[in-house]
Amino acid sequence: MARKKFQTLTEQMYYILLSLNEEKCGVDICAYIRTLTHNRVLIGPGTLYTLLLDFEQEGLIKVTKIEGRKKSYIITDTGREMLKKEYKRLQRQVEAGAGLLEENNEKQ
């Protein structure tokens, strides 16, 4: 069975959507993600602008301002719901892993 587009998000996708809780342009998105992740997650321009276009086409974000070649974006309600769903999915993964790792620590 084919996987639905954006059924789950990559780490880069997650942080891009998270960063767009407030209006940002591409440069600001990258800077926000670098700061938030302490330089652990870096997104190149090719990846960023490809994902922004995909997100826009799917209605997850919208363009708020265009100044020459510079575009600013913000997350939509649909995007926010997807972000919340992904957050809950990640929480369940962490909880399942924590339970298993705690059990293993007690056995040792």
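1. Helix 1 and helix 2 cross with a right-handed sense in this predicted model. Their axes sit 10 Å apart and the packing angle is about 110°, which means helix 1 runs roughly perpendicular to helix 2.

2. As for who touches whom: helix 1 brings Tyr-15, Ile-16, Leu-18 and Ser-19, and helix 2 answers with Ile-29, Tyr-32, Ile-33 and Leu-36. Sorted by class, that contact has seven nonpolar residues, one polar and no charged ones.

3. On to charge pairs: the whole structure has five salt bridges. One of them joins Lys-65 to Glu-23, at 3.9 Å from N to O. Have a look at this pair, as it links distant parts of the chain: Lys-65 belongs to strand 2 (residues 61-67), while Glu-23 is in the loop between helix 1 and strand 1 (24-25), 42 residues apart. Lys-65 is partly exposed, at 34% relative accessibility, and Glu-23 is partly exposed too, at 39%.

4. Helix 4 (residues 77-107) holds Lys-84 and Glu-81, three residues apart, or about one turn. Their salt bridge has its closest N and O atoms 3.8 Å apart. Lys-84 comes out as partly exposed at 43% relative accessibility, and Glu-81 as partly exposed at 49%.

5. Arg-89 and Glu-86 are also in helix 4, again three residues apart, about one turn of the helix. Here the side chains meet in a salt bridge at 2.6 Å, N to O.

Terms used. Residues are numbered from 1 along each chain as its sequence is written. This is a predicted model: local features need pLDDT of at least 70, side-chain atom pairs count only at pLDDT 80 or more; totals for chains, interfaces and linings use all residues. Side-chain values use heavy atoms; hydrogens and water are left out. Axes are lines fitted to C-alpha atoms, for helices over the stretch in contact, and angles run from 0 to 180 degrees between N-to-C directions. Helices (H or I, at least four residues) and strands (E, at least two) are DSSP runs, numbered from the N terminus. Angles under 35 degrees count as roughly parallel, over 145 as roughly antiparallel, 65 to 115 as roughly perpendicular and the rest as oblique. A crossing is left-handed if the near helix is turned anticlockwise from the far one by less than a right angle, and right-handed if clockwise. Contact means heavy atoms within 4.5 Å. Ala, Val, Leu, Ile, Met, Phe, Trp, Tyr, Cys and Pro count as nonpolar, Asp, Glu, Lys and Arg as charged, and the others, Gly among them, as polar. A salt bridge is a side-chain nitrogen of Lys or Arg within 4 Å of a carboxyl oxygen of Asp or Glu. Buried means under 20% relative accessible area, exposed over 50%, partly exposed in between (1.4 Å probe, protein chains only).
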